[in-house]
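This report goes through some backbone features of the structure shown below, then its chain contact and a domain assignment.

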Protein chains: 2
Amino acid sequence: MSVTPLGTVLSHCPKCGSDTRVEVPADDSMPRYVCTGCATVLYENPKPVVGCVTEHEGRILLCKRAIKPQLGFWTVPAGFMELGENLGEAALRETREEACAEVTLGPMLAVVDVIQAGQVHVFFRGKLATPEFAAGDESLDVKLYEPGEIPWDEIAFSSGNIALKQFLEQRKAGVEAVHYEVAPTNRL
Amino acid sequence: MSVTPLGTVLSHCPKCGSDTRVEVPADDSMPRYVCTGCATVLYENPKPVVGCVTEHEGRILLCKRAIKPQLGFWTVPAGFMELGENLGEAALRETREEACAEVTLGPMLAVVDVIQAGQVHVFFRGKLATPEFAAGDESLDVKLYEPGEIPWDEIAFSSGNIALKQFLEQRKAGVEAVHYEVAPTNRL
């Protein structure tokens, strides 16, 4: 592993506010931030990000990002999963927030490790429930793209690239499987 | 959603140590812990847990838990994914730690939402690389079970139950697909 399990710097204990120090806890094998006051171990784990490749009459819904990173690039609607929701609900919520679109959720499409971001990306298939969409707060524009017109050089993230390619290849082949892949670590 | 996105109580900012307060940040729609000193928003998200249904000569490797919760119950080797590793590496590491077993990883088997725990469980298929295994620090015992002898009433977690059933059903049917399910919320 090239990344330590420490993630972001956690200088203080979120429970009691005391300073932390880095050490390997007694029953552990990796360094963690540990509270010098109450001995709480501050674990950090990868975060799930959930998205939806949504189609309407054969075209694919993409959002132009209004926020960093990759501002101005096109993305499959996706974002951090929240506590209290399931993966499918997260996919629908993100599509609603970024593309103002109501989607009928389809089967899971892809699971992609994005190690350098400390994230696991999960994508579903979806279909527009109504032919309505618009740019949400995090989008500059939302468009339906014919497969042959997808702006591949302007796709924001490699996981979205993987999901889009899987979606199109599987649709062409008439299959619906869940693809698993570790994203390349040399790009977003 | 029945659970708030607040998760565990975070009284202090891990960056600066100041007190937090609960509020809905300006660009957000949900209450979060926000630092009263440096305005850092303390997001909490579901955590990925990764496991492996490992077979050897038709039998399935299970571990008897030496730790809470569900001490004494049987489980598919599984645990929290670490930063810096991918899902497949996490599945191999957990099987090594809990069952002292080296595994040849197979295709992904199942993805299970465990909402009440704030977790997403991902299971792979695997085969013992060598016919050796033993109880790791977190296990009281490790055994290979014939499918007909699996102690279904003593399986620790519903996600493991789902993964084992999928594994056996799919093996019987001669298919290898990724199953997605939301675990029942009325049990572990």
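In which loop of chain A is Pro69(A) found? Pro69(A) sits in the loop that runs between strand E5 (59-65) and strand E6 (74-75) of chain A. The model is a predicted one. The peptide bond leading from Lys68(A) into Pro69(A) is cis, with omega near -10°.

Chain B has a cis peptide bond between Lys68(B) and Pro69(B), with omega about -5°. Pro69(B) lies in the loop between strand E5 (59-65) and strand E6 (74-75) of chain B. As background, most peptide bonds are trans, and most residues other than glycine have a negative phi.

| Residue | Phi | Place |

Is Glu57(A) buried or exposed? Glu57(A) counts as exposed because it has 9 C-beta neighbours inside 10 Å, and the cut-off for exposed is 12 or fewer.

**The contact between the chains**

How many residues does the contact take from chain B and from chain A? The contact takes 39 residues from chain B and 39 residues from chain A. On the side of chain B that touches chain A, the elements giving two or more residues are strand E4 (47-56), E8 and strand E11 (179-182) of chain B. E8(B) provides the largest share of that side, three residues. Sorted by class, the side of chain B that touches chain A holds 23 nonpolar, 10 polar and six charged residues.

**Domains of chain A**

What are the domains of chain A in the domain assignment? The assignment divides chain A into domain 1 (1-45) and domain 2 (47-182). Taken over C-alpha atoms, the centres of domain 1 of chain A and domain 2 of chain A are separated by 34 Å.

Methods. Residues numbered from 1 in each chain as written. Chains lettered and ligands numbered in written order. Predicted model: local features only at pLDDT ≥ 70, side-chain atom pairs only at ≥ 80, totals over all residues. Helix = DSSP H or I, 4+ residues; strand = E, 2+ residues; numbered from the N terminus. Buried ≥ 20, exposed ≤ 12 C-beta atoms within 10 Å, placed from the backbone. Contact = placed C-beta atoms within 7 Å. Nonpolar A, V, L, I, M, F, W, Y, C, P; charged D, E, K, R; others polar. Domains from an automatic or database assignment.
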